[in-house]
Amino acid sequence: MDDKIKTIEYRIKDYALKDKAVLNEALSEISAIDGVLDCKFDDESESIKYLISSLSSDYDIFSALMSICENHGIELVFEDDEEVVDDNETNAEAVEESDGDEAEEDDAADEEQKKAKEKRYEKAENIIVLAISAVLIVLGFIFEKTNADASMWIFMFGYALAGYETLYSFISDIAEKRYAIEKGLVLVSSFAVLYFGFRLLGCAIIFSYSLISCLYSVFANAEIRLKEVGYTDEEIETIKNETFTDKKKILVYDMVLLGAGLLLIFIPPIFSGSQYWSTLTQKWLCIGASVVFFGVLGNNIASLVKNYVFARVYAASNGMIFDENKFEETLEKLSTAENVCFDKTGVLTSENGKVVGVETDNEKKFSEYIVTAEADLNDPIAKTLKDYYKNVNSVEKSDFEFIEGRGASFIVDDKKILAGSKKFLNKNGVAIDESNENAVVYVAENGVVLGKIIIEFGIKENSCGAIVELEEDLGIGSKLLSADSKENVEAVKNAVGCSGAVSGATSVYKAESVKENNAVYVGNAVADKETIKRTGGIALGAEDVRCDGASVSVKTADPKVVPTIIKLAKRTVKINKQNKILFIASRIFFFLLGVVLTLTVGYRFAIFWAVVGTLLGDIAAFLNDCRNLTEVV
């Protein structure tokens, strides 16, 4: 986020009587205060004005100012103090707006607390209802074994409580025009089985379906978890409605499933002749209803959705935000990447550079052109140079053109000024042959070199560790792509241990290299914006969290997050595959086992145990999803 500049003004008591030498001496000391960008005495308003960054400490600067004024006998008039900010709002307006904002924030906080409290009650209600349902179903089974007449009523109450969650969700889906056919199929098939005397099976079907829905709703609520990590209501609503399957395809699938169930219920008993109705209700009804239950996709879809939600939550909790427009695509790309291409400055090297040398015969003109070139930029080199020349003002310029990673050109007093790398100046007709091991910014005026400034960027503490983790833990190659000189790029490559390196790389070349090498690009969110957009890469140091064009925006600039992101993507994709296999395999195995036992030995509870086995498989899938809330290894 770019710094805002604030202008602070204080009137001076008896200004006209003050000694100019004393004022000039005080002005020199005030200019040297850390955080003060510029200052001056205004004879017309009899005041002192100074510029500060909005990120600087007002209190520290003001304290230093008061100390200097006191030492020089300068008294400030506070009753007429006036602070002028760049949007020209008055203090009174600011206070009024602040009070209004605070009131709105308080109301919003109260509303959030109220909703959170309602959610907690709803969770507790769902858990209690299902717990009572489980107890009643067990009691019903015991009473049925003892031939007690009460078993039927106990099962009915158990079924009603177990179906409460699904029925409520079914009605809500209809009211809000969401897809609800699957829940309707489960409700009808379970009730039909219950009605024809298979009370335990009917209760088991609705209980297992409701239990899994409750687990995902209570312990994996997308709205609550995503809001906790900063997602907006609109983003949450989009994610909640994701099914990763076209609704028309689901409708066709469910109709085919229903047709298969009905065929199994009504067709096979025909071969029993006069025993048609008895065979239908005693055997094929259970099999047909079970086809519907075992075949529905809701729990599997919920598993996939919650797995992705957990991945988002883990990422956001660690300062990493995925681009929602290409979330699945990003996961797939990261999980299959063979290489990672790092940019240099602000990625593997520090964002805070140090000026280690200046060579010029005209310090004033050289520094003004440097400040003018970097005035509108905020990348690591620009920050370093502006900080170094913080007391130098920029000059009026025109025809400004900036090339990422190269430099800038502009016109000052009809003179063409170039400020940038050796390659940038060479390309623009200014010959420079020397080699350098540090970042160097050259300045030329009408083709004549005015001088150069040498900047040193230290290697980040975790750069070597990130490279080692990528190559040894993940088997992924690393490559350094930079627009910097060959000497500088080679020095960084050798220091961090990258497999390869390219110097003098343009944004276009970086994008092509990333594509050709099945690689993921990692750049600085400020310095490498153009390349990040071209590659859809990972943006480090994204202070606004979401960097335009980045597939993943990371608040921190620490390169150690890169292997973490790739590991998270690999784990998420792996969990999805595992849960699909678990879902399909458990259903096929237990359904076939139940059918075989029912047809061969007539085991009354065969399908019931098949339902229980499938329920355990769904619980295992839920627990597998929860792995995405743990640290990646």
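**Basis.** I worked from a predicted model, in which local features need pLDDT of at least 70 and side-chain atom pairs count only at pLDDT 80 or more, while totals for chains, interfaces and linings use all residues. Residues are numbered from 1 along each chain as its sequence is written, and side-chain values use heavy atoms, with hydrogens and water left out.

**Helix H5.** I took helices (H or I, at least four residues) and strands (E, at least two) as DSSP runs, numbered from the N terminus. H5 covers residues 181-195, and its 15 residues reach 21 Å from first C-alpha to last, close to the 21 Å expected at 1.5 Å a residue; the expected span is 1.5 Å times one less than the number of residues. I looked up its buried residues (under 20% relative accessible area; exposed is over 50%, partly exposed in between; 1.4 Å probe, protein chains only). Among them are Leu185, Ser189 and Val193. The buried residues of H5 pack against helices H4, H6, H9, H10 and H11, with contact meaning heavy atoms within 4.5 Å. After H5 comes Gly197, with a positive phi near 105 degrees.

**Nonpolar cores.** I defined a core as buried Ala, Val, Leu, Ile, Met, Phe, Trp, Tyr and Cys residues joined through side-chain atoms within 4.5 Å. Which members touch the most others in the largest core? They are Leu201 and Val611, in a core of 44 residues. H6 gives the most to this core, with 14 residues. I noted that Leu201 touches Val193, Cys286, Ile607, Phe608 and Val611, not counting residues up to four places away in sequence.

**Aromatic rings.** I searched the whole structure and found 16 aromatic pairs. Rings of Phe, Tyr and Trp (its six-membered ring) pair if their centres lie within 6.5 Å; planes under 30 degrees apart count as stacked, over 60 as edge-to-face and the rest as tilted. The rings of Tyr10 and Tyr50 have centres 6.4 Å apart and planes at 40 degrees, so this pair is tilted. Tyr10 lies in strand S1 and Tyr50 in strand S3, so the pair ties together parts 40 residues apart in sequence. Tyr50 counts as buried at 5% relative accessibility. For Phe141 and Phe605, the centres are 5.9 Å apart and the planes at 75 degrees, so I recorded an edge-to-face pair. Phe141 lies in helix H3 and Phe605 in the loop between H21 and H22. Phe141 is partly exposed at 29%, whereas Phe605 is buried at 15%.
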